Amino acid sequence: MDPSRALVPAVVQVNEERVRQGFWPKLRKVATRIPFASDVVSVWYCARDPDTPTTAKGMMLAALAYFVLPTDAIPDVLAMIGYTDDAAVIAALMALVGSNVKIRHRMAAKAFLERIAREP
C-alpha cells in the first residue's frame, strides 16, 4: 500500500474493516511469539480511543491492517524472520505517532496479554 494514501477516508475505512475482522484472531495466534505484542495491542487500544487524533488513527489503522494481512513483504509463516517487517512497521509507527499511545492504552494491552498468557 502506498503510505501517502493511508489517510484517504476510503482507505482508512478499508483498513478499519480489515483490523476489525482480523486483529484479535491473528493476535491470539501470535501474541506469545512476537516480542512487540504489547506495542501492537497498545496501538489497537489507542486507535479505538475517541481522544486519539484522526491523523494518528489513520496511520495506526494502516499499520495494524498491515499486521493483519496474511500476505506482506516477509511471509509470517517463515520461522524467526516472518514478523520482522511487521515489527519494523510498528516501530516506525511508534516513532511517528507513539506519543498518542497513553498509559491507559499500555495498561489495557498489558492486562490483555497477561489474560491470554493464562489461557490453556
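## Basis of the model

The model is predicted, so local features need pLDDT of at least 70 and side-chain atom pairs count only at pLDDT 80 or more, while totals for chains, interfaces and linings use all residues. Residues are numbered from 1 along each chain as its sequence is written, and side-chain values use heavy atoms, with hydrogens and water left out.

## Overall fold

The protein has five helices and zero strands, which gives the pattern α-α-α-α-α along the sequence. Helices (H or I, at least four residues) and strands (E, at least two) are DSSP runs, numbered from the N terminus.

Of the 120 residues in the protein, 42% are buried. Buried means under 20% relative accessible area, exposed over 50%, and partly exposed in between, with a 1.4 Å probe and protein chains only. Among contacts (heavy atoms within 4.5 Å) with a separation of 6 or more, 66% join residues 24 or more positions apart.

## Nonpolar core

The largest nonpolar core has 33 residues. Such a core is a set of buried Ala, Val, Leu, Ile, Met, Phe, Trp, Tyr and Cys residues joined through side-chain atoms within 4.5 Å. Phe-23, Leu-27, Val-40, Met-60, Leu-64 and Phe-67 have the most contacts inside the core. At least two core residues come from each of H1 (9-30), H2 (37-48), H3 (54-68), H4 (84-97) and H5 (103-118). H3 supplies the largest share, eight residues.

Met-60 is one of the core residues with the most contacts. Beyond its neighbours within four places in sequence, Met-60 is in contact with Val-43, Cys-46, Ala-47, Thr-52, Leu-93, Val-97, Asn-100 and Val-101.

## Helix pair H1 and H2

H1 and H2 pack at an angle of about 150°, and their axes are 12 Å apart. Axes are lines fitted to C-alpha atoms, for helices over the stretch in contact, and angles run from 0 to 180 degrees between N-to-C directions. H1 and H2 are therefore roughly antiparallel to each other; angles under 35 degrees count as roughly parallel, over 145 as roughly antiparallel, 65 to 115 as roughly perpendicular and the rest as oblique.

The crossing of H1 and H2 is left-handed, meaning that the near helix is turned anticlockwise from the far one by less than a right angle (clockwise would be right-handed). On the H1 side the contact involves Val-19, Phe-23, Trp-24 and Leu-27, which meet Val-40, Val-41, Trp-44 and Tyr-45 in H2. By class, this contact has eight nonpolar, no polar and no charged residues. Ala, Val, Leu, Ile, Met, Phe, Trp, Tyr, Cys and Pro count as nonpolar, Asp, Glu, Lys and Arg as charged, and the others, Gly among them, as polar.

## Helix pair H2 and H4

For H2 and H4 the packing angle is about 55°, with the axes 10 Å apart. These two helices are therefore oblique to each other, and their crossing is left-handed. Asp-39, Val-40 and Val-43 of H2 make the contact with Ile-90, Leu-93 and Met-94 of H4. The residues divide into five nonpolar, no polar and one charged.

## Two buried residues

Met-94 lies in H4 and counts as buried at 16% relative accessibility. Its C-alpha atom is separated by 8.2 Å from that of Asp-39, 55 residues apart along the chain. Leaving aside neighbours within four places in sequence, Met-94 is in contact with Asp-39, Val-43, Val-101 and Arg-106.

Ser-42 is in H2 and is buried, at 0% relative accessibility. With neighbours within four places in sequence left aside, Ser-42 is in contact with Val-101, His-105, Arg-106 and Ala-109.
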